[in-house]
Every structure is written in structure tokens, then in C-alpha cells.
Amino acid sequence: MNKEVPELVKRFVEGDQKAFADLVTRFQKKLYALAYRILGNHLDADEVVQETFVRVYRKRKELKDVNYFSTFLVRIATNYAIDLLRKRKGHSSILEDTTSLPGNVQLSLSHRVATPSEMFENKWLMEEITKALEKLPPRQKLTAILHDIEGYSKAEIADFFECPQATVRSNLHIARTKLKKILKKRLSSKEQK
Amino acid sequence: MTCQTALSLLDDFVDGELSQALAEEVSVHLEGCPRCRLEADETKSLKELLRQSEVRDPGRDYWPETSQLILARTVQSASAQEPHHTTADQLADQRNAFVRALLSLAASLVILVSAVVVGQSQKSTATLSSPDNPVLLTSSLAQRLDPDFQIVTHEERTRLAKGMLLMGPPGPFGRIAGLMELINLASPGFTEP
Ligand SMILES: [Zn+2]
């Protein structure tokens, strides 16, 4: 599938609208998952997804190398997400009641498939993690999510933020130190297992 | 290896990003140092914990609906203008030029006065359905400082165009732009080149 992406991107930049539609379909889930982790609720995640693609469309001429489409996309998404986070500061995002969301069949976006009892446990875990992440300033929060959850490398994150890798390193270190403190109980109960 | 050195290398050690030689040195230190070992174990557990967090799928219908919305905001609006009209980008540029012109106006103190005047003139002519607060007008102008911000609603564009027509500087980026925008809003496509 990934082999076709550069070709799609090339056509998209040249103005092929079908190619753009295909790219939206291919990347929207990944983008939604990232945005959801950053903002912690469906409405904001949805806004990030839509706005990111609209901006990608408008800025497509700035995309010099088709192989960097994913970086281009995530960079725009993270910048917009940071703006939203700053805007939301003060009235922190509501942890939504996940049972009220449409589509009770979940987890298709997750890294692994959970059993029903794990799902229940996971809801609490998710809330705890979301709350812990919310205590971090935007850059640290995003660095932790991008690196430790989404699996991006430090070099890639430096690309997204257009900053030196050393900055990514220190942000990640501070974020982890804080998270370890906040989630201490979870971590020690895990170590006893 | 000192604890200080070991601790400074721990993140990269846990992330598997050290050279083999250096990683071995750290391993040796950890074997003999419970304090640093605990630190490393906690970082490992934190990463594992974060990886377990899952994102709830917003439902099967969400994806096609969202891509439709995105396409409506980009591709389809561009193709609707064809053949003798403009691309979405040109439209966006045109709007942005309009917004920039408006912002240069906003830079002066005049804007405070004009906001009140526009607010009042809108109330007295009662052409707009919602009672517009002059303060809201200025704050929405502040939002326009973001060059990526698009004027979305018809009502917003009308409001800005009226302000431009009434208070804008003379010339193509001033009152004329306001007038063109108003005409355009009244009969879409009329002023598009
Ligand atoms: Zn030590």
C-alpha cells in the first residue's frame, strides 16, 4: 500500500482530485488516532482531521518531495493541535463518556486487540493516561505521544516541530520524568507482576 | 561508568538507540546499581503502559462522512467553479488578500471605533439575523491574524465586507475589495475572474 503513496501524492500535487480523495481515505484514521490522543476528545480530533486535510490541500504546492507527504501531514496536524490545546487551556478537555460514542465496536485503531474485560480495564487506563498527559505543556505532551505511543523517531519529531533533535530529547526526558511521577502507582503495580 | 553518565544515557538505552558498546557499558552499570536500574525499569514500564492506550473508533460511518466533508471543503468546491472560474487556491488567495487588507486596517485604533459603528449599523439595519456584538467583531478579527484562517460562513464574510466598505481605505484592497466581496456574496461567482 505504501508503495502507491508517492505516486498518489505526485498526482495530488499535480491537481488530481481523485488522488487527494484517496489520500484522505488512506490517512484519516491514522490522523484521527493521533489527534484524539493529543486532544483527548472526539470533537477536537475531528476538527484537527478536517482542518489538516484542508490545509494540506491548500499548501500542496509547498510539498517539494512526495516522500515527505506523511511528515508534511503530521507537521500540519501537530501545529494545529498545539494551537487548539493552547486555546483549550484553562477549560481542559472533557474526558468524554466513551460509552456514549457511536460505534461500540472499537479498538480497530489500537496497536493491539483487547478482550472485553481488557476493554473495561482499558477505559480506566485510558482515562488515567489522558489525565496524566494533560498535565504536560503542549510540546512535551506531543513529544511523548508521538515518540512513545505513535512510535515516531526523534529525528522525525524534530522534523515535525522544525527544531533540533536535542530539543526533542530534552522534551521527551522531561515528559517521561513527569509521567513516571504521575503514573507511579500504575508503574509499580506493573513491576510487581 | 558513573550514575550521572548512566542516567543521561538511559532514555536512549531504553529506546535502543545506543551503540552496542555503549549499551553494554550501561547494562553493566545497571546490574550493579539498583537506583539506576529502577529508573530504567520505570521508563520501560511507562513506555509499555502508554502503548496500551487505545483510541475508540468513532464508528464506521464517520470515515466516509468526514472525507465527504473534507472534499466538499476543497476539491468539490474547486471543481464547482470550473471551467471559467477559479481554483480553490486562487479563491483562498483572494480571500486572504482581502483579510490582510482588513488586518492592516485593524492595526490602527480606528478599528475600535469602526467595530462599534459596524455593530450599530448592523443592528439598525437589522439585515443580519443574529445580534452582533461589536466586541465579538474585534475578537474575530484577531483570529484572522492567523494567515491560514479561512472565512467560513457567509454571514462572517458579509460582516467583514461591510466593515471594509464603510471604513476601509480607498483603492483595490480597501473599499473596492469590500464592495466586490459584497457583490460576490450577493451573487456568487459574479466577481470571480
Ligand atoms: Zn547508578
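This is a predicted model: local features need pLDDT of at least 70, side-chain atom pairs count only at pLDDT 80 or more; totals for chains, interfaces and linings use all residues.
## How confident is the model in chain A?

Let's begin with the confidence score. Chain A has a mean pLDDT of 84, and 80% of its residues reach 70 or more. Within chain A, residues 92–113 have a pLDDT below 50. Even so, this stretch has 54 contacts in the model beyond near neighbours in sequence.

## Two helices that pack together

Two packed helices are described by the angle between their axes and the distance between the axes. In chain A, helix α1 covers residues 4–13 and helix α2 covers residues 17–39. They pack at an angle of about 135°, and their axes are 8 Å apart.

Which residues of α1(A) and α2(A) make the contact? From α1(A) come A:Glu4, A:Val5, A:Leu8, A:Val9, A:Arg11 and A:Phe12. On the α2(A) side you will find A:Ala19, A:Phe20, A:Asp22, A:Leu23, A:Arg26 and A:Phe27. Sorted by class, the contact of α1(A) with α2(A) has eight nonpolar and four charged residues, with no polar ones.

## A look at chain B

Now turn to chain B, where you can count 10 helices and zero strands. Read from the N terminus on, its elements run α-α-α-α-α-α-α-α-α-α.

How much of chain B is buried? Of its 193 residues, 46% count as buried. Taking the contacts in chain B between residues at least 6 apart in sequence, 52% join residues at least 24 apart.

How values were computed:
Residues are numbered from 1 along each chain as its sequence is written. Chains are lettered from A and ligands numbered from 1 in the order in which they are written. Side-chain values use heavy atoms; hydrogens and water are left out. pLDDT is the predictor's confidence in each residue, from 0 to 100. Contact means heavy atoms within 4.5 Å. Axes are lines fitted to C-alpha atoms, for helices over the stretch in contact, and angles run from 0 to 180 degrees between N-to-C directions. Helices (H or I, at least four residues) and strands (E, at least two) are DSSP runs, numbered from the N terminus. Ala, Val, Leu, Ile, Met, Phe, Trp, Tyr, Cys and Pro count as nonpolar, Asp, Glu, Lys and Arg as charged, and the others, Gly among them, as polar. Buried means under 20% relative accessible area, exposed over 50%, partly exposed in between (1.4 Å probe, protein chains only).
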